[in-house]
Amino acid sequence: GRFDWLTVAFLLGAVLLCYYLVPLLALVLSQPPGVVIQRLTRPDVVSAATTSLTASVTSAAIATLFGLPLAYWLARVDGRVKTIVTAIVVLPLVLPPIVSGMVLLTVVGPNTFLGGLAAANGLQLTRSVAGIVLAQTFVASPFVVVTAKAAFESVDRSLEYASQSLGKSRLTTFRRVTLPLAWPGILAGITLAFARAIGEFGATIMLAYYPRTMPVQIWVSFTTLGLENAFPVAVILVGIAVATLVVLN
Amino acid sequence: GRFDWLTVAFLLGAVLLCYYLVPLLALVLSQPPGVVIQRLTRPDVVSAATTSLTASVTSAAIATLFGLPLAYWLARVDGRVKTIVTAIVVLPLVLPPIVSGMVLLTVVGPNTFLGGLAAANGLQLTRSVAGIVLAQTFVASPFVVVTAKAAFESVDRSLEYASQSLGKSRLTTFRRVTLPLAWPGILAGITLAFARAIGEFGATIMLAYYPRTMPVQIWVSFTTLGLENAFPVAVILVGIAVATLVVLN
Amino acid sequence: MLEVNSLTKTYDIFDFGPVDLTVDDEVLSILGPSGSGKTTLLSLIAGIVDPDGGSISLNGDRLNGCPLQERRTGLVFQDGALFPHMTARENIGYAATDRDRIAEFASLLEITDVLDRRPPTLSGGEQQRVALARTLAADPDLLLLDEPLASLDAPIRRRLRRELHALFTSLEIPVIYVTHDQRTATALGDRTAIVRDGAIEQVGSPMTVINRPATQFVARFTGNENLFDATVVEQREDTALLRVGNIRLQATTAAAAGTTVTLCIHPSRIQVYTPNGGDDPHDENTVSGTIDRWLTEGNEYRVEVDLDDAPITLTTTIRPPSFDQLPLETGSSVRMTIPPAAIHLLS
Amino acid sequence: MLEVNSLTKTYDIFDFGPVDLTVDDEVLSILGPSGSGKTTLLSLIAGIVDPDGGSISLNGDRLNGCPLQERRTGLVFQDGALFPHMTARENIGYAATDRDRIAEFASLLEITDVLDRRPPTLSGGEQQRVALARTLAADPDLLLLDEPLASLDAPIRRRLRRELHALFTSLEIPVIYVTHDQRTATALGDRTAIVRDGAIEQVGSPMTVINRPATQFVARFTGNENLFDATVVEQREDTALLRVGNIRLQATTAAAAGTTVTLCIHPSRIQVYTPNGGDDPHDENTVSGTIDRWLTEGNEYRVEVDLDDAPITLTTTIRPPSFDQLPLETGSSVRMTIPPAAIHLLS
């Protein structure tokens with residue numbers, strides 16, 4: 001019949017949508033709220049949540065501080081350089097996290113020059129909150145750069161030219177015209193980076209099995225105590241993910 | 001001085017860029033090519049590569065088949081429904097992979113209704129290639145939907161109206177106008193999904209520790225034999241990531 | 001024949017209609033400012049947007065609910081909406097009911113030599129020709145055009161305007177041409193409809209909407225800048241005697257004595273004379289005043305004159321040959337004659 | 001005074017310049033088709049783009065290499081380029097060297113009542129006024145405008161055109177106004193420059209570029225549609241005798257006998273008469289022909305006449321009052337007089 005292809009297409013899309021939604025609903029419905037809340041206060045859960053939040057906020061802050069200048073430059077430069085630098089920024093996004101952790105170990109691992117130097121000065125770059133932050137920043141900061149770059153690009157350059165032709169310096173133009181207009185996009189980038197950082201598992205597990213972040217805690221609970229014991233932490237992480245979506249809209 | 005802030009901004013951006021690039025160069029430079037090539041033919045490496053490629057190609061194909069209709073519908077619908085469905089599609093992207101694996105286990109795990117049903121019919125949904133594909137599809141398919149949606153949106157609707165007002169059906173219009181114009185974006189989405197699938201670690205390790213994919217193989221090599229033994233597989237994955245970037249440009 | 005009855009569509013910030021319209025095998029140009037609902041009307045007729053109420057029928061068949069692709073309605077977009085991944089030939093061939101006729105349409109629209117190029121490499125004028133050829137190749141029963149000439153440069157626009165007029169007439173189907181440019185509207189339309197805020201203010205021949213505007217809005221939009229209140233003193237046969245300030249004017253029109261009317265005079269119809277020149281006009285409908293300011297506009301001068309005997313500024317346009325004889329300076333005194341037939345009254 | 005010398009800029013697909021230009025405290029309008037380099041010229045002067053060669057100086061100071069924000073050059077963009085996150089008042093205040101003068105500029109440009117609204121809620125005309133107020137508030141030594149009226153509807157454009165003319169003159173700084181619209185260019189400019197393919201074809205008073213175009217391109221772009229080759233038969237005092245086909249014409253101009261020249265006549269300067277009418281013209285420079293086609297354009301008729309004694313189609317425009325006396329039908333015979341002063345020769 002005439003609309004068969006439309007029905008098939010509709011069904012395919014609906015199946016995929018269910019595949020995203022059903023497991024999440026299953027998780028929420030499978031756990032009695034009382035039990036989850038009770039387990040939320042267990043010391044290992046509180047410790048993992050504290051570690052994760054501390055590290056992720058730090059990573060997001062570092063990503064913002066270092067990422068915004070790079071994003072602005074990328075948004076305003078043209079040609080081959082832009083293509084190459086953008087590719088380098090996207091690289092950590094397409095690199096498997098476990099490989100990201102490996103390559104970071106070759107630079108900041110305990111037997112490397114940098115790792116040894118830092119350890120000699122009392123700062124452990126692996127098996128520490130610093131290690132977690134290093135892993136999360138590598139994996140999550142490209143979100144700030146890529147999203148903020150798009151946000152800066154969406155600010156019409158003629159607005160910047162207009163501001164400058166009115167006698168304002170580049171810094172004033174950036175502060176009062178470009179940044180306020182790009183801000184919603186930048187905020188989205190920071191939110192994405194935070195979400196990616198707090199959920200980071202592959203790179204973190206390579207650099208810092210201890211102190212445990214929430215994803216690592218889930219893995220450990222799952223392998224040692226069974227799936228049920230991993231639920232409380234998972235619920236926190238799902239909550240953060242849903243909150244992220246709300247901010248993004 | 002007058003340009004101090006510019007210098008600082010430039011330095012911040014350059015530091016971040018180095019942080020992306022240096023570890024990767026360190027990896028490539030730390031390994032004599034001869035040793036890497038020699039290790040590439042080891043049975044466990046070949047086995048992991050075969051499993052990963054098979055599963056990732058399957059995942060990308062499923063993501064494309066189910067994702068394109070959803071993407072097209074999202075690109076052409078308006079209002080609240082669009083916002084909510086888009087949020088559901090983005091959810092797996094902001095959900096930590098380890099949590100994604102957990103929620104999938106609550107639906108397709110060995111003790112669940114679906115998992116039991118499949119197992120009774122001879123199909124294992126965990127600890128199998130099917131499990132890898134399930135994990136990869138959940139985590140990677142949103143890339144196809146999100147990217148293809150943007151590609152469809154970038155096709156001017158007036159081109160579709162023009163085609164229809166020339167007497168062509170919606171299917172003909174889609175095949176001959178919309179799809180060819182959106183194709184580069186769709187291809188980028190499929191490429192991203194493939195890259196994400198082949199690098200998947202967190203969800204895969206929950207659903208299918210065996211058969212080992214390349215990321216799992218790296219983790220096992222690292223914990224049991226040390227970092228050096230994980231390098232050959234990592235080199236393959238880095239190569240795939242770089243190839244992905246080339247396709248994306 | 002296209003018949004549109006009580007067509008309405010409600011948007012958040014804009015109500016369209018109700019619009020009634022009948023278009024025979026003729027060219028109807030629709031003229032209005034941006035945001036007046038011109039494109040909405042085309043979208044409703046083409047089937048891109050569904051109306052909230054009213055009916056559309058073409059040659060007796062009701063179009064409401066009929067899908068876009070079955071309406072046999074050719075739609076030419078402002079930017080051409082050519083498929084960028086196809087050559088000009090492929091664009092036309094995509095639509096053609098008979099592929100053998102591609103060459104015929106290409107020849108008709110003088111695009112034979114660009115047929116194998118892709119749209120982005122074509123000039124604006126060429127793109128519009130290809131878009132039109134593509135639409136005609138689908139053999140439509142109704143042709144809708146949404147400002148296809150708006151983005152073109154003046155010389156090309158002038159040329160295409162003339163060619164399109166001949167082409168549209170030869171089609172013998174209803175043609176609706178939407179524009180915000182008065183010259184294009186009057187050049188292409190057998191009739192012109194003026195729209196404002198989603199409703200039609202006046203439909204008539206081009207000369208009617210310019211010289212006999214129905215409302216102040218139409219008057220302003222068609223360049224009738226001189227609009228003043230006047231009192232009707234007396235009605236004699238086919239002539240009305242009007243008073244504005246201390247000025248008395250005769251108008252070849254009917255109006256009830258004692259009423260207040262709005263007087264409407266197109267700047268181009270006022271004649272200007274030098275004071276005490278050899279060619280002094282008769283006294284009737286002649287007024288005197290002082291030039292307030294003037295500027296060049298195209299090949300004519302636009303002059304604003306403060307009248308001596310009424311608190312009114314009259315705008316008039318002067319063409320070069322007569323200009324050379326005038327003392328055209330701010331502050332100069334001039335006399336002007338307003339032909340009785342050039343005075344139009346709005347109630 | 002702005003001085004531009006040998007300014008050049010090379011792009012991939014377009015070479016700009018070399019351009020030489022001097023602008024006193026006057027309004028120079030720059031007229032040209034899209035893609036002719038008008039915006040490039042403004043970008044070079046404003047400092048948005050760096051030139052490859054040549055110099056720019058303002059009041060004796062060299063601007064080359066001087067950063068954008070130190071050039072004291074006000075730039076008004078086509079779309080206004082208002083900061084969307086600031087109200088109109090904040091936009092103007094952002095630029096103002098003296099915040100107390102915001103009210104003064106608002107009053108000057110009649111935007112006092114919209115000062116607390118944000119740009120997206122303003123009409124196109126209001127946005128342009130705010131953009132202009134913002135630029136003026138920065139007290140520039142040079143004002144550049146890039147088609148600010150292009151997107152406005154005709155009545156608003158007509159009104160702003162008149163207001164801007166008075167405003168620009170009062171500024172007493174060099175003003176450059178870029179447009180592709182002949183009417184706007186001639187209305188606003190004390191002088192008009194015609195550009196084509198990145199070079200200036202002619203600079204002169206508005207009436208000069210229209211009535212004495214230097215090249216065929218300028219002629220076409222300013223509406224001189226009648227361009228024909230003619231042979232100079234004889235030169236007598238200040239009159240040249242020309243031959244086109246079997247027609248002999250007198251032109252009040254100088255030309256060497258025996259040479260071939262291009263004859264250029266603006267349609268509006270040709271007078272049309274009915275054959276054997278009471279008002280028959282003298283024989284001199286009178287030609288006869290047959291109406292090929294005609295169409296309404298604004299409030300005038302554009303008529304194309306095939307001449308009897310030469311293979312030429314002459315385009316002329318007729319205004320309504322005289323139109324009523326004409327048998328204006330395709331195929332009708334008409335006689336036309338071309339005033340000797342209306343014939344311009346291009347070599």
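Predicted model: local features only at pLDDT ≥ 70, side-chain atom pairs only at ≥ 80, totals over all residues.

What is chain A built from? Of its 249 residues, 57% count as buried. Among the contacts in chain A between residues at least 6 apart in sequence, 71% join residues at least 24 apart.

Now step across to chain C by way of a residue in chain B. B:Gln164 is in helix α8 of chain B, which runs over residues 157–165. Is B:Gln164 buried or exposed? Its relative accessibility is 10%, and therefore it counts as buried, the cut-off being under 20%. Leaving aside residues up to four places away in sequence, B:Gln164 touches B:Arg170 and B:Thr173, and it also touches C:Leu68 and C:Gln69.

That brings us to chain C, which has nine helices and 20 strands. Its C-alpha atoms fill a box of roughly 70 × 45 × 35 Å along the principal axes, and 57% of its 347 residues count as buried. For contacts in chain C with a separation of 6 or more, 64% come from residues 24 or more positions apart.

Chain C pairs up with chain D. Chain C can be laid on chain D by a turn of 180 degrees and a shift of 0.0 Å along the axis, with an RMSD of 0.0 Å. That is how a two-fold axis relates two copies. Here too the copies meet through the same surface, because 100% of the interface residues of chain C are also interface residues in chain D.

How much contact is there? The size of an interface is often given as the accessible area lost when the parts come together. Between chain C and chain D about 3900 Å² is buried, and carbon and sulfur atoms give 49% of that. On the chain C side, C:Arg162, C:Met207 and C:Arg319 lose the most area to chain D, together 17% of what that side buries. The contact takes 40 residues from chain C and 40 residues from chain D. The interface also holds 10 salt bridges. One salt bridge joins C:Glu297 to D:Arg183, with 3.4 Å between the closest N and O atoms.

For the close look, let's pick a sheet in chain D. It is an open sheet of five strands in the order β15-β19-β16-β17-β18, with antiparallel pairing. At its edges stand β15 (271–273) and β18 (313–318) of chain D; each has a single partner strand, so one side of each is left without a neighbour in the sheet. Direction ignored, neighbouring strands of this sheet are turned by 45 degrees against each other on average.

Within the sheet, β16 (residues 286–297) and β17 (residues 300–307) of chain D pair in the antiparallel sense over eight bridges. In one of these pairings, D:Glu297 has D:Glu300 in β17(D) as its bridge partner. Chain C comes back into the picture here: its helix α5 (residues 154–171) packs on the sheet and touches β16, β17 and β18 of chain D. The direction of this helix makes about 80 degrees with that of β16(D).

One last stop in chain D is strand β6 (residues 73–76), which is covered on both faces. D:Thr73 and D:Leu75 are buried on one side, and D:Gly74 and D:Val76 are buried on the other. β6(D) pairs with β7 (residues 142–146) of chain D in the parallel sense, over four bridges. D:Leu75 has D:Leu144 in β7(D) as its bridge partner.

Technical notes
Residues numbered from 1 in each chain as written. Chains lettered and ligands numbered in written order. Heavy atoms only, no water. Pairing = 2+ DSSP bridges. Helix = DSSP H or I, 4+ residues; strand = E, 2+ residues; numbered from the N terminus. Axes fitted to C-alpha atoms, helices over the stretch in contact; angles between N-to-C directions. Contact = heavy atoms within 4.5 Å. Buried < 20%, exposed > 50% of the residue type's maximum accessible area, 1.4 Å probe, protein only. Least-squares fit on C-alpha atoms with pLDDT ≥ 70 in both. Buried area = accessible area lost by both parts, 1.4 Å probe. Salt bridge = Lys/Arg side-chain N within 4 Å of Asp/Glu carboxyl O.
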